[in-house]
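Visitor: I am new to this structure and would like to learn how to read its features one at a time. Could you show it to me and begin with the pockets?

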Amino acid sequence: MRTAVSNKAPKKGSGAPGARPLRLVADALLAQRLEAAIAGGDGSAGAHCIHEMWMRGALAVNIEAALERLWQRAAASIPDWLPMRHIEWLGVAYEVCARFQAKARGRSNIYLVLLDYRDSRADDYGVYVGETRYPVAARFDQHKAGIRAAGSVLRRGLELLPGPVLHLQGIARADALDIEERLAEALRAEGLLVQGGH
């Protein structure tokens, strides 16, 4: 059984999800914090609780229910790194993305887009790996509007997955181009259906 190191929940907006600020919190206390966050409409604290459940391999039905309740009560304060639906391989994406570090700062960003394959494959979701000088939300909007769009994102893009690549924002273009390609290869090697990465 896990033991709690601290009774303090992350402050609003604190801690990147990849740092897992609740990783040492016991399951029962984590559930209490989630309930308190939902009751109080605290999207940030709730997001960290749900993220930690995800990383611990909680059942999909429990994560889906928690996501639905949090979105109903705290949509305005949920950080954009929390996905809107359960993705079985999200923990793997975090682990793989954490292996990559940029050497220099710059204006380029790595981004991931969740792709919907529920109509055609056994695996419901895939991922698109991209690189851009634009803010990633603006680049996603461009894809969906058909502007320099990858066909997979235009047709199947559901949402951005910014959490795993938060540390790969504002990096040098040379690093971004290299990481984009190697990250796509690494995600494929883990069995994910990957588009982009070129």
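Guide: Helices (H or I, at least four residues) and strands (E, at least two) are DSSP runs, numbered from the N terminus. This is a predicted model, in which local features need pLDDT of at least 70 and side-chain atom pairs count only at pLDDT 80 or more, while totals for chains, interfaces and linings use all residues. Residues are numbered from 1 along each chain as its sequence is written, and side-chain values use heavy atoms, with hydrogens and water left out.

Visitor: What volume does the largest pocket have, and which element gives the most to its lining?

Guide: Rolling a probe the size of a water molecule over the atoms shows where empty space is left. On a 1 Å grid over the protein atoms alone, a pocket is an open set of points where a 1.4 Å probe fits, with protein on both sides within 12 Å along at least five of seven lines, and lining residues have an atom within 4 Å of a point. Grid points are joined across faces, edges and corners, and a volume is the space filled by probe spheres set on the points. Here the largest pocket has a volume of about 350 Å³. Of its 23 lining residues, His51, Met55, Gly91, Tyr94 and Glu95 are the closest to its centre. Two or more lining residues come from each of α2 (43–55) and α4 (90–98), and α4 gives the most, with five residues.

Visitor: How should I read strand β2, and why is it called largely enclosed?

Guide: In a regular strand the side chains alternate between the two faces of the sheet. Buried means under 20% relative accessible area, exposed over 50%, and partly exposed in between (1.4 Å probe, protein chains only). Eight of the eight residues of β2 (residues 125–132) are buried, so the strand is largely enclosed by the rest of the structure. Tyr125, Val127, Val129 and Glu131 point one way, while Gly126, Tyr128, Gly130 and Thr132 point the other way.

Visitor: Which strands pair with β2?

Guide: Two strands pair if DSSP finds at least two bridges between them. Strand β1 (residues 105–116) pairs with β2 in the antiparallel sense over eight bridges, and leucine 114 stands opposite valine 127. Strand β5 (residues 194–196) runs parallel to β2 and is joined to it by three bridges, with glutamine 195 as the partner of tyrosine 128.

Visitor: Which residues of α1 are buried?

Guide: They are Leu29, Leu30, Arg33, Leu34, Ala37 and Ile38. Glycine 41, whose phi is positive, near 65°, follows α1.
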